[in-house]
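Biologist: Could you take a close look at one single part of this model for me, and then show me the surroundings it belongs to? I would like the terms spelled out as you go.

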Amino acid sequence: MRTTYRVFAYLIAAAVVVQAMAIAYALAGLGKWIEDDHGVLNKQVLDNEDLHFRGSGGFALHAIDGMMIIPALALLFVIISFFAKVPGGSKRAGTIFGLIVLQVILGFTLHGVPLVAPLHVLNAFIILGVAIMSGQRAAAATSYAPAEATPQPAMG
Amino acid sequence: MTTDNPGSRRRPSWRLVAPIVATLALLTPLAWTWWQSLLPDHYSVMEFGYVDLGGGPPVTHALSPAQGRSVSTLVADPERPADVTYTLTAREQSFHLASGERTDGFTINGNSPGPTLRVRQGDLVEVHLVNASVPDGVTLHWHGVDVPNAEDGVAGVTQDAVPPGKTFTYRFVADHPGTYWYHSHQVSHQQVRKGLFGVLVIEPHRPIRSDGDVVAVSHVYDGKATVNGHTGAARVGASPGGTVRVRIINTDNGSLSAWVSGSSYRVVAVDGYDLNGPTPVSGKAVLVTAGGRVDIEVTMPTDGGGVRVDLGGAAALLIGDGSVAAKPQPTAFVDLLRYGSPTSIGFDPGDADRQFRYSIGRKPGFIDGRPGYWWSVNGHIYPDAPMFMVREGDIVSFHIENHTNAVHPMHLHGHHAVVLRRNGDRATGSPWWIDSLDVAPGDSYDIAFVADNPGIWMDHCHNLPHAAQGLVAHLVYSGIYEPYRVGDRPSGTNQPE
């Protein structure tokens with residue numbers, strides 16, 4: 001179960017990295033669409049679900065990863081932490097879950113208050129750091145407690 | 001989890017109990033909320049949500065045919081012959097825009113936009129809708145025309161969606177001259193976007209003073225902004241020195257800013273209702289609400305120069321043969337709260353019988369089992385929306401508040417309301433009648449109308465994906481029974497949004 005805990009910690013970290021890559025791809029594509037293809041982005045076009053340019057999938061990926069996949073991973077991570085018996089594991093999993101809830105709120109708020117966007121990025125780095133630290137602490141706990149080291153079957 | 005240490009024999013089971021209890025404590029409320037949100041396969045919009053009387057006297061909330069009059073009986077005079085008849089055939093197909101690009105979607109009589117219907121004030125209009133091949137079924141909603149309820153074209157509320165191979169006939173009197181449009185109100189967030197709409201112009205008894213009268217219908221097809229189906233610029237003729245009325249129709253989900261190069265302009269009508277005492281505008285844009293219409297009047301230069309009406313920056317209508325330099329989008333907008341001169345609105349909104357609140361927010365939760373951060377009305381998410389109950393003849397006011405960070409173009413069916421206040425500031429210009437009103441983030445509006453058109457009417461956001469995400473409520477008249485059912489299972493049944 002500790003291995004499962006570690007895997008989920010690193011999965012969350014990886015999903016955060018995917019978020020940054022997706023939004024960078026989308027914004028680069030948007031810039032090229034405007035510069036090279038004379039695309040016009042206004043409220044009318046923004047609210048049309050058919051907006052396609054190379055990179056526009058990055059916006060969709062950022063939304064799905066950020067609002068569905070990462071919160072689901074974080075919820076499972078909290079549940080796994082109850083069983084994994086990593087010292088301080090549930091506390092860190094709960095912290096990550098809380099930070100992700102905050103991240104979604106910041107993600108919605110930044111559309112109305114652009115100064116929130118830097119906080120959204122800062123919080124992403126904090127989530128990444130706590131997720132990696134959780135994985136490393138679980139690994140350390142595993143090496144100190146050989147009796148618990150045998151990987152348990154992953155739940156679910 | 002077993003251990004060889006006999007002293008800790010009871011620990012393994014205890015060590016599992018705590019995590020299991022913690023997991024259940026976390027998941028049970030989620031599962032319960034999810035379960036509670038599941039919708040039945042078919043339901044009446046009258047069976048969900050809660051009654052809101054707006055501080056007025058009690059009404060009859062008709063839940064059975066015995067308690068009220070059916071929506072299906074609220075029709076135009078069946079004895080009166082039609083003055084003008086159209087057949088509109090809806091198809092799912094690949095088609096060419098007027099400017100040549102191919103796109104996949106829906107057409108009416110082979111084209112999108114569908115035919116522009118020009119009728120005369122007072123005509124009884126009869127439209128035969130034929131669904132040739134739209135798999136989900138279609139309807140036609142006469143956006144902005146205050147038709148009898150059974151002609152309103154909302155699948156599951158005022159009729160059943162018309163399946164492929166079937167027809168439906170709409171009959172209504174075109175009693176108020178102005179600019180309107182028609183569109184499907186079945187799976188509307190997809191069907192409208194993909195082309196199932198057209199323009200309706202009701203011309204007044206006395207011809208309009210303008211020398212020219214043109215339509216500028218704005219729509220984004222497959223990510224491409226168009227005017228009258230043309231990407232880029234479309235040209236219409238006009239004679240030098242003449243006046244031209246340009247009827248701008250926003251068929252998209254987001255507000256559209258329009259501005260004029262080569263002439264000043266006057267805003268002569270909004271949502272089909274003429275403004276009183278419109279004054280010349282220059283250096284300002286005018287905002288057209290999603291679903292809304294703005295008629296402007298331009299005067300052609302006498303030197304043969306052209307006039308350009310920009311629609312959002314990606315599409316434009318060029319009027320006349322002459323050239324004109326395109327101006328960049330002005331940063332200032334015409335403020336309709338203060339534009340034109342006041343005149344009587346025909347009733348006293350201070351004497352309202354019912355005062356409703358329509359507060360738009362956002363809440364995490366489930367709708368029909370789907371998790372999300374959903375729109376809410378007065379703190380409730382779909383389908384737990386208020387039913388705004390009125391009696392015929394009531395003077396009704398609404399206080400609309402937007403506590404989200406998205407614009408909501410609020411559309412009330414079957415009625416025109418007059419704007420009284422924005423953020424507490426009283427309207428000082430021409431009476432500003434609307435059927436579609438942009439409510440910007442943080443803004444509040446007070447609007448009022450006379451409840452003079454019995455039925456069950458949608459009151460929803462015309463950013464149609466928002467409506468599909470639950471930003472929908474209903475205005476319900478006392479003693480009206482709902483015979484139709486909404487439901488998305490099996491597919492092809494009534495899904496108005």
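Modeller: Happy to! Two residues are in contact when their C-beta atoms, placed from the backbone, lie within 7 Å. This is a predicted model, in which local features need pLDDT of at least 70 and side-chain atom pairs count only at pLDDT 80 or more, while totals for chains, interfaces and linings use all residues. Residues are numbered from 1 along each chain as its sequence is written, with chains lettered from A and ligands numbered from 1 in the order in which they are written.

The part I would pick is Y484(B), found in the segment that comes after β35 (480–481) of chain B; helices (H or I, at least four residues) and strands (E, at least two) are DSSP runs, numbered from the N terminus. Y484(B) counts as buried because 21 C-beta neighbours lie inside 10 Å of it. On this scale, buried takes 20 or more other C-beta atoms within 10 Å, exposed 12 or fewer, and partly exposed is in between, with C-beta atoms placed from the backbone. Setting aside neighbours within four places in sequence, Y484(B) is in contact with G156(B), V157(B), Q159(B), D160(B) and N494(B). Y484(B) also comes to 8.6 Å from V71(B), C-alpha to C-alpha, although 413 residues of sequence lie between their positions.

For orientation in chain B, an automatic or database assignment supplies the domain bounds. They give domain 1 (50–73 + 343–481), domain 2 (76–204) and domain 3 (208–334). The centres of domain 2 and domain 3 of chain B, taken over C-alpha atoms, are 24 Å apart, and each of these two domains puts 23 residues into their contact. On the domain 2 side, β4 (102–108), β9 (178–183) and β10 (197–203) of chain B each supply at least two residues. β9(B) gives the most to that side, with 5 residues.

Another stretch of chain B worth a look is strand β33 (residues 456–461), where 6 of the 6 residues are buried, so this strand is largely enclosed by the rest of the structure. Strands pair when DSSP finds at least two bridges between them. β33(B) pairs with strand β27 (residues 408–412) of chain B in the antiparallel sense over 3 bridges, and H411(B) has H460(B) as its bridge partner there. β33(B) is also joined to strand β34 (residues 472–477) of chain B, again antiparallel, by 5 bridges; here I456(B) is bridged to V476(B).

Between the chains, 22 residues of chain B are in contact with 20 residues of chain A. Helix α1 (residues 11–37) of chain B gives the most to the chain B side, with 4 residues. Chain A itself has 5 helices and 0 strands, running α-α-α-α-α from the N terminus on. Its C-alpha atoms fill a box of roughly 65 × 25 × 20 Å along the principal axes, and 33% of the 156 residues of chain A count as buried. Among contacts in chain A with a separation of 6 or more, 75% come from residues 24 or more positions apart.
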